[in-house]
Amino acid sequence: MAVATTAEPAARPVRPGRRAPLAWIGTVPFFGYVAVFLLWPTGIVVLDAFKDTTGKFTLSGVTSLWNPAVRGYFIGSFKLSLISAVAGAVLGAILAYCVASGNPAGAVRRVYLSGSGVLAQFGGVTLAFAFLVTIGPTSGLLLRAGWYYSFPLGIALIYTYFQVPLMVLVFLPAIDGLKIQWREASENLGASTWQYWRYIGGPLLAPAFLGSALLLFANALSAFATIEAWENQIAYTVPQQISTSLSSEVGLSNINYADALAMGMVIMVAIVMTGYALLQRRAARWLH
Amino acid sequence: MPVTSPTTRAQDAGARTGVEVRLEGLSRHYGSVVALQGLDLTMRPGELVVLLGPSGCGKTTTLRLLAGLEDADEGRITVGGADITHLPANKRDMGMVFQAYSLFPHMTALENVAFGLRLRRAGKAERDRRASEMLELVGLAEQAGRYAHQISGGQQQRVALARALAIQPKVLLLDEPLSALDAKVRSQLRDEIRRIQLEVGITTLFVTHDQEEALAIADRVGVMREGQIEQLGSPTDVYSRPATPFVAEFVGLSNRLAGEVTTSGTVVVRGCQLPLMDSGVPAGPVVALVRPEAVTVATSEPTEAGALTGTVIATTFLGATSRITVDLGDTRIMAQLATAEAAALSAGQRVTLTIRPSPVLVSAGSTAASTG
Amino acid sequence: MAALTSLGETPAETAAPRRQGMRARRRRRLNAFRYLAFTMFGLFFLLPMLAMIRFSLEGSKGGTWSLAAWRDIVSYQGVGVPPLMSAVEISLELAVITCLVILVLLVPTMIWIRLRVQWISRTFEFLCLLPLTIPAISLVVGLGPVYNRIEHYNLSALMLFWVYVVLALPYASRALAAGLNVLDVKTLSEAARSLGASWFTVMVRVIAPNMWQAILNATLLSSALVLGEFTIAYLLGYNNLQAELYSISRNTPNAGVVFSTSAASLLFAFVLLLILSYVGRPRRRG
């Protein structure tokens, strides 16, 4: 797959001011790349979800999603994501506020932002094991928690470890977008701190907060590595179930089952992300 | 003239008699930087005082101290006889217009204006009515349902003004409200603000770095520098009788010319004898600050020997008047003439100059600084 | 000096004289709350880190300390798994390749779009954010056939970079966009072109050097992503760092080397990001 470095389009002198009809060719490498490695696999997932193993069209893959067992996985995913998203959103918002109300060039802000950048990606084996040795049943520290292996609370706690930093990263710009003048103007007009937050600060931040919470929700839905490292014997969530069905040899009919599950995930996450995008647009309009 | 109902006029009557504002000995510093030192200012009821000065002179700090958005290190603030120095900002009952961005973006213009009334627990009908009136007062009745990002900068500032006045504050504060606007809008809005201020009769403090603005609308101008007021007086006073060289050069343009103070209480500048503003200046060499409009330009040959001559270098067209820069050989001088006269001059032309005998300010020191 | 904060909170006092004013009091109360919050959050985030590091320093006999787990990173060969270093190498190489490819793919494209094809930018942004919407787990299911084709040629785990570039698109494109937004790309390019520069020169010698912080940022974010990626590698049967750590931990529970490696990679990423935040342009208040 050739990746052009400096996509000069079919060299054709263009008079300034005239829209160059072929300039878009310069973007072909990018779109081509994305088409092959993102759109095509996604397309395969969606198409195969409607096929059985012989390639014929069937709805059984998709209808199997309504099975109680399968519903259980979706509900499990949903519960876990909801709890970790809410906890992450609230705690992350508090932390973001603390960071935002300090010196913009100060050390505290830099440390917390860099830390958030790293920890938001942190997951998988390392995270699960870090928590295992901290609060797991065999922990050397006194923080042993019997509920470490409980679902969803135990794993939700672990999820907040990367949800909170992600919230800080995503929500901080919104808080930064609150202009001083609004606070001062509201004070000048007679508002107390509480009134400011109730009438001005709160409503202005609400879309960004909800949007960020949705992002956290989608993030938790998609997460696999952490929960797999935490407990790989029992599948609680859809990603775990997908993994099981991909690697198990229980009948070839499972191949399309995985596709159906994967498609279900794509739809769920897509809906959530659309909500996120819409809310972000509103937030950006007010808080750019 | 906006149409106001009888009830409005009756309500406005309360605000129409402004209150006296007194700032005594205000000081404020940030770390080692002194923003204000011992500032004293008394504003008469209904007066519009403009604080004028370069950045960092402390004018904005003064305004913010009055508003309660900053704490004074020392000093006292009295409004209408009551000491409000320790009153929090949200209890001071003042209306403030910021330089930019102060409208709440999630509220319409009407809601913005009504916000202060909402905080005072006015009923919805009541506050919408009052807000509409205020919007009419500033000429924006049609924009009531628009949001900040849908209206122009000038309109935003009008809404901000309406919002500040809606709560019928005791004092109106304006922090460089026109600085972020286009030149044309600026001069229109400036006159609007003055008109409204006079109509409502509210004591107003206006901060700006634009001396033209200050002179145009103020009852009194306070020229500030490095945390202190150098001169406080009417626009005419500040312009024609500047108290210090800083004021003379900040307000309007000045030519810096070498001169000699004589024993008879005048100063001789380039062969012209001019009365002194301050007759107590001792004899000796000084720098005289001469306004461009005091310099006359003639194309005829000098009638007496030793008269001031020079070569025209450039003409700057300013509309009704023009500014001519003339090279005197060792320095340059600016003259301000009616454009019709200036049009008759061309670059390189030799001209004869005289300085009109109006009182000039002199200072000891060199002419090293640039003219104006 | 007045506005150090963005919330209309009173500006932080800079000097010793303790003010008695109300705003100063309010600021002090806020700071008390902030430092309490920072302490609690700090503890929450540091504790597992510290536990991990402590575990990695434990010696074979109870109560002793040893750096064995750290030294072992280089030489570890677990039961039934390839050497740890091979996985580390693979991940590092993948990070480098991914970063290179993503920069080469994105930087010219983004500049080009801003200069000549603005009407495509919405579609472009949408595609860049699309990977956030398609979970890696779903991608894996669909990637099977694609990677099977590539496997015909029996290539190494480094082929993962093709999909890692896609995964990193949202983060890298946002970082690069932030860098491009502060430049007036159009004016710069017109100025350069009027002086006779080719498009190549404009991109490589005029625009790109002005966004080096954004490029660096994008690189770091992409690297962090690659180093931390597990799902796709594991499910496709490749052996990158995370998959290797997982295998080690399944075969040999409590292997100290799992902790030392994790701690090392985290510290590495953290230090890099911290340095970047100091090296970048100073923040300007809005």
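Here is a short walk through the structure above, from its domains to a sheet and then to its core.

This is a predicted model, in which local features need pLDDT of at least 70, side-chain atom pairs count only at pLDDT 80 or more, and totals for chains, interfaces and linings use all residues. Residues are numbered from 1 along each chain as its sequence is written, while chains are lettered from A and ligands numbered from 1 in the order in which they are written.

Let's begin with chain B, which is divided into domain 1 (6-245) and domain 2 (253-363); these bounds come from an automatic or database domain assignment. The C-alpha centres of the two domains lie 39 Å apart.

Now find the open sheet of 6 strands in chain B, with the order 6-7-8-3-9-10 and mixed pairing. Strands here are DSSP runs of E, at least two residues long, and helices are runs of H or I, at least four, both numbered from the N terminus; two strands pair if DSSP finds at least two bridges between them. Strand 3 (residues 48-52) and strand 9 (residues 220-225) of chain B run parallel, joined by 4 bridges, and B:Leu52 has B:Val223 as its bridge partner in strand 9.

Finally, turn to the largest nonpolar core, which has 275 residues. Such a core is a set of buried Ala, Val, Leu, Ile, Met, Phe, Trp, Tyr and Cys residues joined through C-beta atoms within 7 Å, where buried means that 20 or more other C-beta atoms, placed from the backbone, lie within 10 Å of a residue's own. A:Ala96 and A:Phe171 have the most contacts inside this core.

How values were computed. A residue is buried if 20 or more other C-beta atoms lie within 10 Å of its own, exposed if 12 or fewer, and partly exposed in between; C-beta atoms are placed from the backbone.
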